[in-house]
Amino acid sequence: CVVWCRCPPPGIRKSNYRSDGGRTMMSSKQNRNGDGMNGKKMEEELVEVGDYFLEKDEEEEDDEEVSDDEECCLDGRSVGSDNSDRPDRSLDGGGVYMLGRQYIDMDDFLLKRQYESSLFWFTYRKDFAEMAPYGITSDAGWGCMLRAAQMLLSHALRRHYRGPDWRPPLPLKARRAEVFVSALLTWMADATHPSCAYSIHRMVAAGLPLKMLPGEWYGPTTAAHVIAALTSSHLEHSKQLTTHVASHGALCKHALHSLMGPDVTTSQDSLSHPLQITNAQSPPPTHWNTALLLILPLRLGLNSFDHKNYSTTLAHTFSLPQSLGFLGGSPRHALWFYAANADGSTLYGLDPHTVQAAPSLSPPSLSHHHHPIHLSDDYLCSLHTTKPATMDMTKLDPSLALAFYCQDHADFTNLCTSLQNLNNSCTKQKKPILFDVVERLPDYTNVTDVMAELAGAADSFSCDADLPAGKREEEDDGLSDEDDYVML
């Protein structure tokens, strides 16, 4: 076993290191011979995954030259990041917006990389429990949108239980002992155990009512409804998190007020008349019982993404504090996008198209005392990456699903204000908006009755009602069939 690192971990003498091609490393043979710390201590203190999980001894200077383009990753593999050995182009043109943060200059590059490395990365898995009767034991080739949905949901849960600034513990032992980490990884593990609430098995089961079979490729809208179904059965009963999918291409405030707060009057969410004009204001601020995961499926273009009109606006949604990124990608290639250049040129996301082994269940004798899923080092190491994916926004598929997390009613009000300001900016620039923010949705179910009313009003209306009867007959005789009007 060889562990790559920038500098010697605390407690290991530099003499235990040897140079190899500009990198420093320590052979496991030297460690087994008793030089330096033992294996257990190394496991606790040597931590990986990029710059964030890199352990440094700042009090001890290293005279040996170390290559700057090497990083340490959780599974101990040497990873040369494609972005670390050249100037960071992502900070050109106004910087980067990422999950409510903005990184403007080169000094922010390290902070950006640190936070990226702490994001949970869920990928294709193989050798999991069979999906009967289909005989499927891997989601490679078809489950990328569901994996992207797992990443989005994991960050929503991270925001909900630990806040926007929390990061996983550094050592593997501490990470395994952290309550939220162990719970999250159990929920997302691909197993048939009842505790695995968001496994690929549960997601496929939630897709069956949506006419999706195992092995079929999911779109962002379908994945959004899968998330809503699973969180509804897992979290809503305990009043922790409510998921709402705005399927009308608009964010309706009153729908969410009625959904989130029982003390709000339960009036109809839509206008009683589709042509009605109202000045009604949104309900006064109320107390919400749960937090909100809001997902808005959109289509920004017909056959291709309308880059000219939507790219900058879409990029600015990442700057909102409530942002959870969006589900999208190119055709048959889904990713979870969490950041974008401010100028709308490039997107940053986590790519699930890597096949890794599924976690195993803990032995029955230990499952009652430990986690039902065996949180091995390999499993923990497989959940982070130092190589985020980038995509030219012009290549984005027009179908996507934006997501936001609102902790309470005040947070939702701030989100609506920010989105409305974004829409006003689009209007000033004569660009289309991403979606509407409205008080209520029109009621199109009563359109037949409304048209009957309009037809009756038209029949009772006559321009020549005040003319004498003889005059009206003379006028009627001079009319042709082409002068008649029909209400369609």
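Two strands are said to pair if DSSP finds at least two bridges between them. Helices (H or I, at least four residues) and strands (E, at least two) are themselves DSSP runs, numbered from the N terminus. The structure described here is a predicted model, in which local features need pLDDT of at least 70 and side-chain atom pairs count only at pLDDT 80 or more, while totals for chains, interfaces and linings use all residues. Residues are numbered from 1 along each chain as its sequence is written, and side-chain values use heavy atoms, with hydrogens and water left out.

Strands of a sheet pair through backbone hydrogen bonds, either parallel or antiparallel. Strand β16 (residues 346-350) and β18 run antiparallel and are joined by four bridges. Within this pairing, Thr-346 stands opposite Asp-392 in β18. In a regular strand the side chains alternate between the two faces of the sheet. Strand β18 (residues 389-392) has Ala-389 and Met-391 on a covered face, and Thr-390 and Asp-392 on an uncovered one.

Eight of its nine residues are buried, so β13 is largely enclosed by the rest of the structure; buried means under 20% relative accessible area, exposed over 50%, and partly exposed in between (1.4 Å probe, protein chains only). β13 pairs in the parallel sense with strand β10 (residues 241-245), over five bridges. With strand β19 (residues 399-406), β13 pairs in the antiparallel sense over eight bridges. Here Arg-299 has Ser-399 in β19 as its bridge partner.

A further sheet is open and has three strands, in the order β9-β8-β17, with mixed pairing. β9 and β17 (355-357) stand at the edges, each with a single partner strand, so one side of each is left without a neighbour in the sheet. From one strand to the next, the twist averages 40 degrees. Three bridges link β8 and β17 in the parallel sense, and the bridge partner of Lys-126 in β17 is Ala-357. The loop between β8 (124-131) and β9 (136-138) contains Pro-133. The peptide bond leading from Ala-132 to Pro-133 is cis, with omega near 0 degrees.

Attention now turns to the helices. Helix α4 (residues 144-162) packs with α7 at an angle of about 110 degrees, and their axes are 11 Å apart. Such axes are lines fitted to C-alpha atoms, for helices over the stretch in contact, and angles run from 0 to 180 degrees between N-to-C directions. The value makes α4 roughly perpendicular to α7, on a scale where angles under 35 degrees count as roughly parallel, over 145 as roughly antiparallel, 65 to 115 as roughly perpendicular and the rest as oblique. On the α4 side, Leu-146, Arg-147, Ala-149 and Gln-150 meet Ile-200, Met-203 and Val-204 in α7.

Asp-190 is found in the loop between α6 (179-188) and α7 (200-207). With 3% relative accessibility, Asp-190 counts as buried. Leaving aside neighbours within four places in sequence, Asp-190 is in contact (heavy atoms within 4.5 Å) with several residues, including Arg-147, Gln-150 and Ile-200. Others among its contacts are Arg-125, Phe-128, Ala-358 and Pro-359. A polar atom of the Asp-190 side chain lies 3.0 Å from the backbone nitrogen of Ile-200.

Finally, a few loop residues deserve a look. Leu-99 sits in the loop between β6 (96-98) and β7 (101-103). Its phi is near 50 degrees, a positive value in a residue other than glycine, and Leu-99 is buried, with a relative accessible area of 4%. Lys-430 also has a positive phi in a residue other than glycine, near 60 degrees. This lysine is found in the loop between α13 (409-428) and β20, and at 79% relative accessibility Lys-430 counts as exposed. Glu-439 has its place in the loop between β20 (436-438) and β21 (441-442). At 25% relative accessibility, Glu-439 counts as partly exposed. Glu-439 and Lys-253 are 186 residues apart in sequence, yet 5.1 Å apart in space, C-alpha to C-alpha.

Conventions:
Polar contact = N/O pair within 3.5 Å; in protein donor to acceptor, adjacent residues only side chain to side chain.
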